[in-house]
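Dear colleague,

The findings follow directly after it.

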Amino acid sequence: MSNEEIFVTRPFLPPLQEFLPYLESIWASQKLTNGGRFHQELEGALSQYLRVPYVSLFTNASIAIVTALKALDIRGEVITTPFSFVATTNAIAWNGLTPVFVDIDPKTLNIDPMAIAEAASPKTSAILAVHCYGQPCDVVGIRQVAARLGIPVIYDGAHCFGVADSLGSVLRHGDLSVVSFHATKVFNTFEGGAIVSPTAEMKQRVDYLRNFGFVDETHVGSVGINGKMNEVSAAMGLLQLKYVDHILEARSEIDSMYRELLYNVDGLECLDFDSSIKRNFAYFPVLVKPGFPLSRDSLYEKLRGERIFARRYFYPLISNFPMYRHLPSAKECLLPNANSAAGQILCLPIYPGLSRENVFKIAETIKST
């Protein structure tokens, strides 16, 4: 039995010899950033692969969300979920806006459209929703609420590379969508991210903002930021695209193994995903319910003792962090489903390099309580 350390995810790294020609080309061009050849090629390749209209590459998804809020000129309050990575709400705060937390659906763990409607006020200026674990939100319900309120929707689709419904990529939903290319994601550019825009005009605005607001060499038309992706990261993305279908297939096989091995374990619930959705198997979340012999945290520690480093994504809730817990919407009584999920969630390791032997080891460690 292998005694290697097993983490919740590991980046897929293509053969080094395949990456070297990209680096040689970058060195020869002497253009390391500012919209070089590979940057332009990757935007086009991603637009084609994901089947979305317009892609703007960013240095990371956090800066992309900050920029998306700026691009839509959001003011006042933004309704969002507390069950996410803290970057989602931090982007709201960085724009000088006020986050308003609402509860989640207990089955999908995504933001609840009914809760959005109930929390809306005259100060509400936007909805920032998260497709948690690549499970699409109730986009129809959210769109209907947003239309009644007359406000835009931004989707944090950090987990959603390659996820599609019957009509195409889930990243096409909303006024803007953001996807992450961090090293821990299904598709990575070392660090990186992108904004998906529905129109050429919106892409142009996003592109100005990510480059300090420059319209041309001497004209700055808006308060921008430095969010550009460099050429080395873009080259990594182009190479990753050659392997992404293999990556998704490998993840799918591990997902199936877990579901077979953990089927009918008392008190352990594998999160269900909409069967009509093309998934990317970005995470394997389970809920450790009261019927399980150990608490979630005890199981987490037991796995660590076996060198299996699962993660409690997402615990604590964003609403429980010091900078946000003072908000009226952060009260525990207003977020019962989110607090319950945060106390039960555990994401098990899943990545292409995870061996069948280690999947069995993880499952047996869980079942031998």
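In strand β9, Ser-177 is the bridge partner of Tyr-155. This is a predicted model, in which local features need pLDDT of at least 70 and side-chain atom pairs count only at pLDDT 80 or more, while totals for chains, interfaces and linings use all residues. Residues are numbered from 1 along each chain as its sequence is written, and side-chain values use heavy atoms, with hydrogens and water left out.

Helices (H or I, at least four residues) and strands (E, at least two) are DSSP runs, numbered from the N terminus; two strands pair if DSSP finds at least two bridges between them. Strand β6 (residues 153–156) runs parallel to β9 and is joined to it by three bridges. With strand β10 (residues 193–197), β9 pairs in the antiparallel sense over four bridges, and Ser-180 stands opposite Gly-193 there.

Burial is defined by relative accessible area: buried is under 20%, exposed over 50%, and partly exposed in between (1.4 Å probe, protein chains only). Five of the five residues of β9 (residues 176–180) are buried, so the strand is largely enclosed by the rest of the structure. Leu-176, Val-178 and Ser-180 point one way from β9, and Ser-177 and Val-179 point the other way.

Helix α4 (residues 87–94) has Ala-87, Thr-88, Thr-89, Ala-91 and Ile-92 as its buried residues. These pack against α3 (61–71), β3 (77–80), β4 (98–101), β5 (124–130) and β6, where contact means heavy atoms within 4.5 Å. Just after α4, Gly-96 takes a positive phi of about 75°.

Lys-70 lies in helix α3 and is partly exposed, with a relative accessible area of 37%. Not counting residues up to four places away in sequence, Lys-70 touches Asn-95, Arg-205, Leu-209 and Val-223.

Yours sincerely
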